[in-house]
Amino acid sequence: MIYLDNAATTRMYDEVIDIEKDFEKKYFANPSALHSFGMDVENKVKEAREIVASNINSNSNEIYFTKGATESNNIIINSFAGVNNKALTTKLEHSSVIDAFENSNFKKIGFINNDEFGFLDLKDLEEKIDKETKLVSIIYVQNEISTIQNIKKISEIIKSKNKDILFHIDATQALGKISCDVKDLGVDVMSFSSHKIHGPKGIGGLYINNSFKNKIKPLLYGGRQEIFSSGTLNAPAIYAFAKALELSKEKEDYSYIKNLNLYLRNKISDKFKGYKINSPLENSSPYILNISFEKIKSEVLLHMLESDNIFVSSGSACSKGNNSRILSALYLDKKYMDGAIRFSFSHDIKIKDLDLLVEKLYEYIEDIRKVF
């Protein structure tokens, strides 16, 4: 199997599978219980919190576990919704951000302009911030095209206008891959998920700067186990997530992934005609490469590759194959709209895998073009 859909989800590290399985056997008590067994589990959760905090340069009491980045994003957006409040975001956000805004009651939601590769117009950002702006929410690494925003510069602009504006970033495709030092980036709140970094599904979290903690509201009410996300803690998954993040330091070779990305770019350039690379070459995550081929249907190509046990994506998993929202925001020529394929890498991929991929891509694209 050649699995190139890691931006949708990753295979858990073998070590993390063993860690979670062992935890389920030994530490099955409720961490909220007052007895010593429960306290043992609570201490494991505390250890996990400290691991996450150390990886992003925050205090451990600024880390809150959630069911994933989707819940985290919704918590933040709903906390600042109000008929007198304005928010700024982009057209390039994950659906959990876009949909949360669409179902909120902000006075106005503004969208920051971007160029053909998704980089934000920082002058436009500065001009759109006004005295009613309470929240700015921006995706750090774009999940379909790989663009990395200049978060540090964006923060400087926001805070120079009003230090009380909450700056939130969705770091789902960034954590464990590029620097997420919250102090260096200058962010107030950051969302993240476990299953993008070879950890278990159904667990993620929020970094919330202590100075903004009193402005965040719970999304779920109940036991207030994590203050903002009630429910019995999934301690095995929390601990496994933290260990996956810890292991990513030794297992993730950024240079190797970048070489894979460049190799595929060059192979496509050498062999194909009628294509456009939608991912920028610079200031982008090498873990994602988005390429549009003209005169094809991406979903057809996806299933043809699947027959050879090669798995790619025609958009984000949450868009169910329809990524026109992102491509439209890039002003992409209509002739490339239907043929976008996202290749997303991991350390499991070898050069020989990409050679076979290109061979099959060429064969199937030629076949599809004969029909379309």
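A: **Strand β3 and its sheet**

Lys86, Leu88 and Thr90 point one way from β3, while Ala87 and Thr89 point the other way, and all of them are buried, where buried means under 20% relative accessible area, exposed means over 50% and partly exposed lies in between, with a 1.4 Å probe and protein chains only. The strand covers residues 86–90, and five of its five residues are buried, so that it counts as mostly covered. Strands (E, at least two residues) and helices (H or I, at least four) are DSSP runs, numbered from the N terminus.

This is a predicted model, in which local features need pLDDT of at least 70 and side-chain atom pairs count only at pLDDT 80 or more, while totals for chains, interfaces and linings use all residues. Residues are numbered from 1 along each chain as its sequence is written, and side-chain values use heavy atoms, with hydrogens and water left out.

Consider next the partners of the strand. Strands of a sheet pair through backbone hydrogen bonds, either parallel or antiparallel, and two strands are said to pair if DSSP finds at least two bridges between them. β3 pairs in the parallel sense with β4 (residues 108–112) over five bridges, and Thr89 stands opposite Phe111 in β4. β3 also runs parallel to β5 (residues 133–139), to which three bridges join it, and here Leu88 stands opposite Val136.

The path from β3 through helix α4 (residues 95–102) to β4 makes a right-handed β-α-β unit; a crossover is right-handed if, with the strands pointing away from the viewer, the path from the first strand over the helix to the second runs clockwise.

Seven strands form an open sheet in the order β2-β8-β7-β6-β5-β3-β4, with mixed pairing. Its edge strands are β2 (63–66) and β4, each of which pairs on one side only, and the twist averages 20° from one strand to the next. Elsewhere in the sheet, β7 (residues 189–193) and β8 (residues 204–208) pair in the antiparallel sense over five bridges, with Phe192 standing opposite Gly205 in β8.

Helices lie across this sheet as well. Helix α2 (residues 36–56) lies across β2, β7 and β8 and runs at about 115° to β2, whereas helix α3 (residues 69–80) lies across β2, β5, β6 (166–170), β7 and β8 and runs at about 155° to β7. Contact means heavy atoms within 4.5 Å, and the axes are lines fitted to C-alpha atoms, for helices over the stretch in contact, with angles from 0 to 180 degrees between N-to-C directions.
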